[in-house]
Amino acid sequence: MSYDEETSRVQKLKRLKEMNLDPYFQFFKPNSSASDIKDRFSTLSPGDHISSVDIRLAGRVVLIRDFGGSIFFHIQDQTGKIQCFIERKLSEEKIKFFRDFIDTGDILGVRGDVFRTKKGEITIYVRDFVILSKCLRSLPEKWHGLKDVELRYRKRYVDLFMNQEVREIFHKKSKIISHIRDFLSKKGFLEVETPILQYVPSGAFARPFKTYHNELEMSLFLRIAPELYLKKLVVGGFEKVFEIGRNFRNEGLSAYHNPEFTMLELYQAYSNYEDLMMMTETLMYELAQLVNGEPYIKDPETQEKISVDIPFRRVSICEEVAKLLEVDKEDLKDIEILKRKLGGKIDFTGKDWGAVVLEVFEKYIASGLRSPTFVVDFPVSTSPLAKRKSSDPDYVERFELYILGIEVANAFSELNDPEDQRKRFEELMRKREMREIFEDVDWDFIAALEYGMPPTAGEGIGIDRLTMILLGLNSIKEVILFPTLKPE
RNA sequence: GGGUCAGUAGCUUAGUUGGUAGAGCGGUGGACUCUUAAUCCACAGGUCGCGGGUUCGAAUCCCGCCUGACCCA
């Protein structure tokens, strides 16, 4: 900001205070909004003036056009912008006061009535106004707005009041979350909250954030997933539970990764992953309909429209990988064959065949799955909390949903055999890397399973990614109000 | 972690053989009573991301760093 503009605005504030009109001590109760007024007076003809109403509207001044004897200005509130008009004919004093003290960016309360201009715009005829907050900084350009991506994220509040389409993104994100809540409550799900501070991180493979509790003199971890706690609730008798909350993963940032992100996790007893696939399809279809008005989403890379019509395609991860490597599906279990086929393309250290198959899938196949696709049949070693397939115990009943090449959901029939679960935990703890990251596992979860968990299916859906995909945006930062950035 | 690109006034930006940094919006002062990115006149506003180097001279060339975007791992 130029020094001149700053001092000019600060001077105005100082003079207001001297006149006993300190904006920070003014109060004003609006009785209307920009969109209300436009709706209510939509039938006015150009030139018509309704003076029998007492409109009170408050918001930010976003544009001023000064004609000397009259001034047009625009006020923006939560519902949009509306034009206001003040003229000398009404009061020489008021128009002078406006000219002397009002800048774009100020928060104003206006009182008056309504007319439609000769050119046809519904306008508030301002009879009085009060300054409710002074804007001491100069605003971005009125035409181009705030475009600089970094500035938009760092000064999100400016981004929000300058860019309507950004406000819309967050309105839609809120609608998406509300719809999910509705959708699940109607099905009898109970919304719950489980610990974010956990003794041991669990429920996913990810590096955790570690913190410390002073009184208890112990380390705690910010959760990487709520999974085990939610399943303990199923043991407790809540047959359908879900949680929408923040997870924290201490890993790299990318267009699809923010260190903290919002996750929906749901668990449904007496169900399996097939049931969840059907439920997920329906939910996705409804959400696209809700935010886009049609069962389509837009691919931000190609601008192509992509249908979310039911049913979604299903592919088997092992069949896809076997096809890619030109081997028989059974050969995938032979790490020597994998090594021969993949020579050099993948680092095999510390990996079993399952981990390799998963990596091949993620590296070479996943990004090509643009239309909604359920990927099924994960190797058991990659899914330590999932139930084995009865037809082939080397695989589990699990799916991931890919849309636009991005993983949106991950679900499985939950492993409820405490003995198998214990073995898989022990297997994990044998891996040095796992011990280093997780330190231990939640053995109480085994105890819970020993009390008996009904057959249950569970799913996690990344709400930020989901929003990004539904709205055709190319970065998760666009759907997180304050994305993680390094300080300037 | 590696690579590519970007950072110039409050904002949006121009700036190539290296030669005093230019505009629009916004601001200040003035004119103007129906504008729609209002218009017209005048003026002010710059550590060219930061730090080094090369050079008579650097926004521009070189090195390092910071921040961001994209790609790769």
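Mentor: Axes are lines fitted to C-alpha atoms, for helices over the stretch in contact, and angles run from 0 to 180 degrees between N-to-C directions. Please keep in mind that this is a predicted model.

Trainee: At what angle do the axes of H12 and H14 cross?

Mentor: Helix H12, residues 418-430, and helix H14, residues 443-451, cross at roughly 165°, and their axes come within 9 Å. Angles over 145 degrees count as roughly antiparallel, and H12 and H14 are therefore roughly antiparallel to each other. The crossing of H12 past H14 is right-handed.

Trainee: Which residues in H12 and H14 meet?

Mentor: H12 contributes Pro-418, Gln-421, Arg-422, Phe-425 and Glu-426, which meet Trp-443, Phe-445, Ile-446, Leu-449 and Glu-450 of H14. Six residues of this contact are nonpolar, one is polar and three are charged.

Trainee: On to the loops. What is phi of Glu-439?

Mentor: Phi of Glu-439 is near 70°, a positive value in a residue other than glycine. Glu-439 sits in the loop between helix H13 (432-438) and H14, and its relative accessibility of 43% makes it partly exposed.

Trainee: And Leu-404, is that buried or exposed?

Mentor: Leu-404 is buried, at 5% relative accessible area. Its phi is also positive, near 55°, and the residue belongs to the loop between strands S16 (395-403) and S17 (406-413).

Trainee: One last item: where is Pro-311?

Mentor: Pro-311 is in the loop between strand S13 (305-307) and strand S14 (313-316). The peptide bond leading from Ile-310 to Pro-311 is cis, with omega near -5°.

Terms used. Residues are numbered from 1 along each chain as its sequence is written. Chains are lettered from A and ligands numbered from 1 in the order in which they are written. This is a predicted model: local features need pLDDT of at least 70, side-chain atom pairs count only at pLDDT 80 or more; totals for chains, interfaces and linings use all residues. Side-chain values use heavy atoms; hydrogens and water are left out. Helices (H or I, at least four residues) and strands (E, at least two) are DSSP runs, numbered from the N terminus. Angles under 35 degrees count as roughly parallel, over 145 as roughly antiparallel, 65 to 115 as roughly perpendicular and the rest as oblique. A crossing is left-handed if the near helix is turned anticlockwise from the far one by less than a right angle, and right-handed if clockwise. Contact means heavy atoms within 4.5 Å. Ala, Val, Leu, Ile, Met, Phe, Trp, Tyr, Cys and Pro count as nonpolar, Asp, Glu, Lys and Arg as charged, and the others, Gly among them, as polar. Buried means under 20% relative accessible area, exposed over 50%, partly exposed in between (1.4 Å probe, protein chains only).
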